[in-house]
Amino acid sequence: MRLDFSGERVLAVVAHPDDAELFCAGTLARAKADGATIGICVMCQGDKGQPAEPIANLAAVRRKEMAAAAKLLGAQLFRGEYGDGRLADGPPARKKLIQIYRRFKPTLVLAHAPNDYHADHRAASALAEAASWFCTAAGHKTAAPAISPQPALWWMDTANMAGFLPEFHVDVTDYVDLKRRMMACHKSQLSRAADGDFSPLEGLMLRQCQARGAQAEVPAAEAFRTHQTWKRVRACEVRGAVRACFGFCLAAAATRQWLFPDVAVRAKNCFGCGHRPRCVNYYLKGEQMSLRALIIHADDNVANLIGPGGKGESVECTFEGTGKTETVTLLDDIPSNHKFAPVDIGAGQPIIKYGLNIGRASCDIRKGEYVHIHNIESNRGRGDLQEQT
Ligand SMILES: [Zn+2]
């Protein structure tokens, strides 16, 4: 299964009118092709990016340029309207961006890297991150109500890739021409190519996506990192037996799948870092994961439920190692992340979790039953049992 953006709502928060072209337009185009809704929020007017022959009313000119580029991409456009060099993380700008998030309702935000070269990029980065949390907090009042959940957040590459170690690359080979056409809308900036201190933008853009492509062995790519904080990391479903763990490995797994969609992910562990699957919180794909429980060790006879479960619910379990899946009907209501039995367990049998003997069944436990202190005796505190082992 190829990872895709269908059902997502992807918002790029950038400082200047031409930044999306440089860092993420290919990914946005790809998301749109998958069926995602896409948007660009440009925080600054670009009013100080004057060419040698100054343009009167540059902010208005750039407003038109960015609108034309966003139209080519098919993205909704939002504007912060801050003067260049005047953007700073603080309550007024946060409030403005929180309101934009609440209108667009992003599931994924693309933000400048916190260490990018330009002070406006760094300010936009901090704001995009802050708003990704506060947009869900009802206590932060704006015209639109709070949304839920927090959007996932990816850091975009830096200008000319300086000081940015990609976590994953998105193949944008099919969208290089679109990036060029979008960049061509920014005539006021392209006319700065003759400035000694200003890099020709199209060349910069093409070099960068080719260099990132070379790293990923495709003609052109855009590079990202995931924001590894609470509720901003999403898991994803790769294919068949579900392989999922924390965002870093997921991104790597997803990327391999993305770049080589015909190659099934068969690895027992995630690509990239080799971490064992551990937990599943969210999803990157548009649909909720069907995975509800992972059985970590082949000998395990209890599984942890992912999220709460109701009596009568069918839960798909994946046996790590073999990839075998089994559907278990829950016989009890089960609290989030608590244990249940995916197999029948006889009274007195050991309870095995993560390959470890954690106790024994104090009565017969049927497949699908809640497993907790009412039907297991823990080894902990049982010196008599510990002595026997
Ligand atoms: Zn910029």
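Tutor: We'll go through confidence, then the sheets, then the helix packing. This is a predicted model, where local features need pLDDT of at least 70, side-chain atom pairs count only at pLDDT 80 or more, and totals for chains, interfaces and linings use all residues. Residues are numbered from 1 along each chain as its sequence is written.

Student: What's the mean pLDDT of the chain?

Tutor: The mean is 80, and 77% of the residues reach 70 or more. pLDDT is the predictor's confidence in each residue, from 0 to 100.

Student: Where does pLDDT stay under 50?

Tutor: Residues 236-291 are one such stretch, and the model has 123 contacts for them beyond four places in sequence. A contact means that the C-beta atoms of two residues, placed from the backbone, lie within 7 Å. Residues 382-389 also have pLDDT below 50, with three contacts in the model beyond near neighbours in sequence. Where pLDDT is low, the predicted coordinates should not be read in detail.

Student: OK, sheets. What's the order of the seven strands in the open sheet?

Tutor: The order is β3-β2-β1-β4-β5-β7-β6, with mixed pairing. Strands (E, at least two residues) and helices (H or I, at least four) are DSSP runs, numbered from the N terminus. Two strands pair if DSSP finds at least two bridges between them.

Student: Which strands stand at the edges?

Tutor: β3 (76-82) and β6 (168-171). Each has a single partner strand, so one side of each is left without a neighbour in the sheet. From one strand to the next, the twist averages 25 degrees.

Student: How do β5 and β7 run?

Tutor: Antiparallel, with three bridges joining β5 (residues 152-156) to β7 (residues 221-226). Across that pair, M156 stands opposite F224.

Student: Which helix packs on the sheet?

Tutor: Helix α5 (residues 119-134) does, touching β1 (9-14), β2 (37-44), β4 (108-111) and β5. Its direction makes about 160 degrees with that of β4. Such angles run from 0 to 180 degrees between N-to-C directions, and axes are lines fitted to C-alpha atoms, for helices over the stretch in contact.

Student: And the open sheet of three strands, what's its order?

Tutor: β13-β14-β16, with antiparallel pairing. β13 (350-353) and β16 (376-378) are its edge strands, each pairing on one side only.

Student: How many bridges join β13 to β14?

Tutor: Four. In one of them, P350 has R360 of β14 as its partner. The β13 and β14 hairpin has two residues between the strands, and there Y354 takes a positive phi near 55 degrees.

Student: What about β14 and β16, how many bridges there?

Tutor: Three, with β14 (residues 356-361) and β16 paired in the antiparallel sense. G359 stands opposite S378, and R360 stands opposite E377.

Student: Switching to helices. How do α4 and α5 cross?

Tutor: At roughly 60 degrees, with the axes of α4 (residues 91-104) and α5 coming within 9 Å. α4 and α5 are therefore oblique to each other. Angles under 35 degrees count as roughly parallel, over 145 as roughly antiparallel, 65 to 115 as roughly perpendicular and the rest as oblique.

Student: Is the crossing of α4 and α5 left-handed or right-handed?

Tutor: The crossing of α4 and α5 is right-handed. That term applies if the near helix is turned clockwise from the far one by less than a right angle; anticlockwise is left-handed.

Student: Which residues make the contact?

Tutor: From α4, A93, R94, L97, I98 and Y101; from α5, L127, A128, A130, A131 and F134. By class there are nine nonpolar, no polar and one charged residues. Ala, Val, Leu, Ile, Met, Phe, Trp, Tyr, Cys and Pro count as nonpolar, Asp, Glu, Lys and Arg as charged, and the others, Gly among them, as polar.

Student: At what angle do α2 and α6 pack?

Tutor: About 120 degrees, with the axes of α2 (residues 25-33) and α6 (residues 176-184) 9 Å apart. A25, G26 and A29 of α2 meet V176, L178, K179 and M182 of α6.

Student: And α3 with α6, what angle?

Tutor: About 160 degrees, with the axes of α3 (residues 58-73) and α6 8 Å apart. That makes α3 roughly antiparallel to α6. A69, L72 and L73 of α3 make the contact with L178, R181 and M182 of α6.
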